[in-house]
Amino acid sequence: MQFRVVSGQPWDVQADVLVVPIVGEPTFSGSLDELDRRTGGELRALVAFGELTAKRYGTALGAPGRLPVGRVLLVSVGERDAVDREVIHQVAAAAERRLGGRSVRRLAFWLGDLAAASGEGEGAVAGMIARGLVEGSYEPAAIYRDSVEGAPPALDEVTLVGDPIDAAAVQAGADRGRIIGEGSNLARTLANRSSNDVSPIVLAEEAWALAERHGLYVDVIGPDRATEMGMGMFMAVGRGSDNPPRMIVMRSGAEGETDSLGRHLAIVGKGVCFDSGGISIKPSDRMEEMKMDKTGAATVIAAIATVARLAPGTPLLAIAPAVENMPGPHSTRPGDIVRALNGKTVDITNTDAEGRLILGDALTYAERLGATHLVDVATLTGAVSRAFGSHVTGAFGTPQAWYDQLTAAGARAGERYVQIPLLEDYVPDMESWYADLQNSGSSEASLVKSGLFLREFRTKPWIHLDIGGTGYFRKPLPFAARGSNGVTHATLVELALAGAAPA
């Protein structure tokens, strides 16, 4: 999908489909009135017939009249005071998905008054549109099928048109958004692939291939070396499967090199390629979704590749502890005591609380490799989904200034976060008779306790993003297919790029 920019009017652009975003209730004045006149009143007729309202993601496909396009697609952006980067991104994705099953190769997208409504610059708006169109084209069913009926069209060319616009800023924004969208789709594919297709070894091979493609350092730690190093929590999870674990390390820039903000940022992603729960086995209901438990790892692997495409050489570390959590003769048992890489002992009271174990050793290892700032991403708990649903990611962070940098990056990415407190009151509930702490306690405040556990394995500024609710959709939405959605990928990219050297 290639993007080009035209500074002009929407009726001057040739395409298979012209997308016309409508902010608020459709009011026909100015350029929109002229578009309606050139369609022979088609746009007014669609609105009058009830085909389009002010409800966000609503669409209406109409005849072009005298316009040099095959069809006109009206798409509702929703009320003006709610338009932001997230909305623009999702509306663009919804437009692409509305064209599923249609023969469309060339798309024109009128910028209209999206910049004015959102208060964002034209380059930022173009970036969100481009990213939305790329992500909207994603169809997970195509991973294992030769063809998918009703799939979104594979666009060859997208023309962004507006008058007046800063063509250079719009082009740069669109190209940047396209690359971030492609990275998001890469993360989605890695997460969506089945567990018999992507084992820890295969995930390591995928990371290695990406590292070679983008000039990144890569190291893969197998079980013998991990045991020798003292990664007791990581091995406690990984040794139960016939598919051996892999600690995947990728790096951009030199070892220990800091970025323009003085950071050696590490992004760490949970890579449980399948989570049966181990000896504390899960219920059978929806266990097939547990192939998605590698979404955090898929996200950080894709993010460092995206940053390498946008700002090569930017100092960044990505670590993905990859395991299968399976019952077997070598599995960890409830009540086993293991020693973490940082020397702390852990009483494993629930083998289904495995993500925090592998992340803990990965966080410690990231600091040993020179990380000064840490962010981990994980489908860690069901509690976060029950608390916040599928559209807001729960987050912990300390100190507050570091967390605020993450939320600022999230705002640039159009992604939402809610901060969860690290309440000391619950620390006594995590005490063990036999070890320094236990990995799982009572269900009360279990979400807070998950963050408190991870906090024990870092000494630097740190943020934990729990995507247990937001990492994948269980049903299709107007702007996304069912399955992995790439959440937090864009935020991690924006966070890393904040420290990139000026071009």
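Mentor: We may begin with an open space: the lining of the second largest pocket has 7 nonpolar, 2 polar and 7 charged residues. Please keep in mind that this is a predicted model.

Trainee: What is the volume of the second largest pocket, and which residues are the closest to its centre?

Mentor: The volume of this pocket is about 350 Å³. Its lining is made of 16 residues, and N192, K291, M292, R482 and G483 are the closest to the centre.

Trainee: What makes a space a pocket, and which volume does the largest pocket have?

Mentor: A pocket is an open set of points, whereas a cavity is a set from which the 1.4 Å probe cannot get out. The largest pocket has a volume of about 1100 Å³. It is lined by 40 residues, of which K282, T381, G382, A383 and R386 are the closest to its centre. Helices α11, α12 and α14 and strand β19 each give two or more residues to this lining, and the largest share, 3 residues, comes from α12. By class, the lining has 10 nonpolar, 16 polar and 14 charged residues.

Trainee: How many cavities are there, and how much space lies in the largest cavity?

Mentor: The count is 3 cavities of 30 Å³ or more. The largest cavity holds about 330 Å³ of space. Among its 22 lining residues, H89, Q90, F473, N485 and V487 are the closest to the centre. Helices α3, α5 and α6 each give two or more residues to the lining, and α3 gives the most, with 4 residues. The lining divides into 6 nonpolar, 10 polar and 6 charged residues.

Trainee: What kinds of residues line the second largest cavity?

Mentor: About 80 Å³ of space lies in that cavity. Its lining has 5 nonpolar and 6 polar residues, and no charged ones. Among the lining residues are A236, N325, M326 and L357.

Trainee: Why is I180 called buried?

Mentor: The cut-off for a buried residue is a relative accessible area under 20%. I180 has a relative accessible area of 4%, and therefore I180 counts as buried. This residue lies in helix α6. Leaving out residues up to four places away in sequence, I180 touches R131, T306, L310, H489, A490, V493 and E494.

Trainee: What makes a group of residues a nonpolar core, and how many residues has the largest one?

Mentor: The members must be buried residues of the nonpolar kinds in question, joined through side-chain atoms within 4.5 Å. The largest nonpolar core has 51 residues, and L203, M250, I267 and V375 have the most contacts inside it. Helix α10 provides the largest share of this core, 9 residues. Apart from this core lies another, of 46 residues, among them A226, M231, L357 and A383.

Trainee: Which residues is V375 in contact with?

Mentor: Neighbours within four places in sequence aside, V375 is in contact with L265, A266, I267, V268, W402, I463, L465, L492 and L495. In soluble globular proteins, nonpolar side chains tend to be buried together.

How values were computed: Residues numbered from 1 in each chain as written. Predicted model: local features only at pLDDT ≥ 70, side-chain atom pairs only at ≥ 80, totals over all residues. Heavy atoms only, no water. 1 Å grid on protein atoms, 1.4 Å probe; cavity = no way out; pocket = protein on both sides within 12 Å on 5 of 7 lines; lining within 4 Å. Points joined across faces, edges and corners; volume = space filled by probe spheres on them. Nonpolar A, V, L, I, M, F, W, Y, C, P; charged D, E, K, R; others polar. Buried < 20%, exposed > 50% of the residue type's maximum accessible area, 1.4 Å probe, protein only. Contact = heavy atoms within 4.5 Å.
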